[in-house]
Amino acid sequence: MRLDQRLIADMIEPRTRVLDIGSGDGTLIGHLYRERGCDARGIELNMELVTRSVAHGLPVVHGDADHDLAYYPDHSFDYVVLQRTLQAVERPREVLRQMLRIGRYAIVSFPNFGHWQLRLRLLLGGCMPMTAVWHTPWYETPNIHPCTIRDFLELCRKDGYIVEKWLAVDEDGERAPWRRSIRLANLFGEQALFLLRRR
Amino acid sequence: MNSTTPLTVGDHPHASFPEGVELDCGVTLAPVDIAYCTYGQLSPQKDNAILICHAFTGDQYVAEKHPLTGKPGWWERMVGPGKPIDTNRFFVICSNVLGGCMGSTGPRSPRTDGQGAPGELWGTAFPPITIRDMVRAQHKLVHSLGIERLFAVVGGSMGGMQVLEWAVTYPQMMLAVMPIATAPFHSAQNIAFNEVGRQAIIADPDWRGGRYWEADVVPARGLAVARMMAHITYLSEEALTRKFGRRMRRGPASGQGPEGPVSTFGDIFEVESYLRYQGSSFVRRFDANSYLSITRAMDWFDIAADHDGELTPAFAGTAVRFCVVSFSSDWLFPTSAARTLARALNRAAANVSFVEIETDKGHDAFLLDEPDFDRTVRGFLCGVAEHAGLS
């Protein structure tokens, strides 16, 4: 399991109901189900990964964040998780709204577009930055809604979500030591991880 | 023997229910026989039983040589020792549907409503049946085997309709269901195809108003045409092209020169030959009035209709685990129908998995070699067993 997935798992209470949007090969929900006694379910767009998950006995449906969340009833999960995908959905604000309609908590991770390398490359090179995290050219990238940690916090404030916990982590999921300062986290954090709840 | 002579066999193993079944139409059909097969051993706790529901023209011979046709069981590749539905682990039951013609009570059974001449068969006087009536009869069978709760109910196509009906009518009776290549209601297009089949049968002079047995004939041409047409809907354009393309077969009246065929139907396309074979072999094992009864039951199938037109309330509060499977090239029960079902189940907060298997084999793919499908069936059932704490 990736380190950032472990950080997500640590945010989740045992024996709760969890919906993982973009559940991939089912690693996180498999862990939550088998190790933490959670009722963990997934939504995944890649059919090969859906099949692999179901073949491992995990409840996963074929679907995506933009089109399928509307079909889940209010408050049907304790946690709704969206890993490294917010920047690639069609309507991030609506997806967040749906997540906090369906779940008591939303756990969201995304790559931080405020990272110093991106800022520097755009400033000095004048071209769309390419880094290890942002590695597809602008004309091919699925990441149509990049945002910074500060942008995300602003949206949470605007829509009235309470940030219970937040972490900036580097690409491998190691916790970055920018816990105290959002400014520094926004400059040095490659990935951001948030635990939100409704007001 | 004439090639359209129906094959007959003595007795199919069956259970008899003298009290009969109360049908949706209000009639109590009694007595009722339900022919069935079982595989594997029922555990002492009676917690390992899987009911398999067969498709329209299938029957209970799911994993053994068919006593009439001599062909392998229709799902032998799925059901058996070590197979995805592993009979070393599970006790598998499959019964011929009510209204069928492989030993269960149907239009070919003797009439029991006190009308008609002694020894007369039901024929078209057989009461109209529904998918739920079929499920009621299966429920009686399961109960008579001493099973209080099934491990799972699994089936494809019309079998999938029965699976959904089980989940709605007896939600406490199983841990899990697998509706495969099916839909929560029969579409207008599917009703249309069924109607063409029925009209072909009824238009055959040998159908004789449904009383063909009196003249010792069967409406073979009509039934064969119905089967040929239906068979096309079970395949896909890609599958037909891959299997047959435009290849031709020399007909008996062929005398082809360089100018082309000398007679319009001297040579035939391979695909025509294939369909004719499918049609002619079908009429020997299937009863025309059963065809009419069962297609009508499928047409009436609409889970939502019994719940004020809404699908989700039908599954409200269900604790059953669902695994919905569709096939990408199936245009008879397309993925869109399966997605509608999966979304309704999500709305009901049901535990649901939904997989679309990528294949060019059309609706029939659920009967054919599809390794991803096999893995899905095996994995889902293992997951259910793990969740239920079954070894």
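This report describes selected helices in chains A and B of a predicted model.

## Helix α6 of chain A

Helix α6 of chain A covers residues 116–125. One of its ten residues is buried, so the helix lies largely in the open. Just after α6(A) comes Gly126(A), which takes a positive phi of about 75°.

## Helices α1 and α2 of chain B

Two packed helices are described by the angle between their axes and the distance between the axes. In chain B, helix α1 (residues 131–144) and helix α2 (residues 158–169) have axes that come within 9 Å and cross at roughly 70°. Angles of 65 to 115 degrees count as roughly perpendicular, and α1(B) and α2(B) are therefore roughly perpendicular to each other.

On the α1(B) side, the contact is made by Ile131(B), Arg132(B), Met134(B) and Val135(B). On the α2(B) side, Met161(B), Gln162(B), Glu165(B), Trp166(B) and Thr169(B) take part. Sorted by class, this contact of α1(B) with α2(B) has five nonpolar, two polar and two charged residues.

## Helix α4 of chain B

Helix α4 of chain B spans residues 220–234, which makes 15 residues. From its first C-alpha to its last it reaches 21 Å, close to the 21 Å expected at 1.5 Å a residue.

Eleven of the 15 residues of α4(B) are buried, so this helix is largely enclosed by the rest of the structure. Among the buried residues are Leu223(B), Val225(B), Arg227(B), Met228(B) and Tyr234(B).

Definitions and conventions
Residues numbered from 1 in each chain as written. Chains lettered and ligands numbered in written order. Predicted model: local features only at pLDDT ≥ 70, side-chain atom pairs only at ≥ 80, totals over all residues. Buried ≥ 20, exposed ≤ 12 C-beta atoms within 10 Å, placed from the backbone. Helix = DSSP H or I, 4+ residues; strand = E, 2+ residues; numbered from the N terminus. Axes fitted to C-alpha atoms, helices over the stretch in contact; angles between N-to-C directions. Parallel < 35°, antiparallel > 145°, perpendicular 65-115°, else oblique. Contact = placed C-beta atoms within 7 Å. Nonpolar A, V, L, I, M, F, W, Y, C, P; charged D, E, K, R; others polar. Expected span 1.5 Å × (residues − 1).
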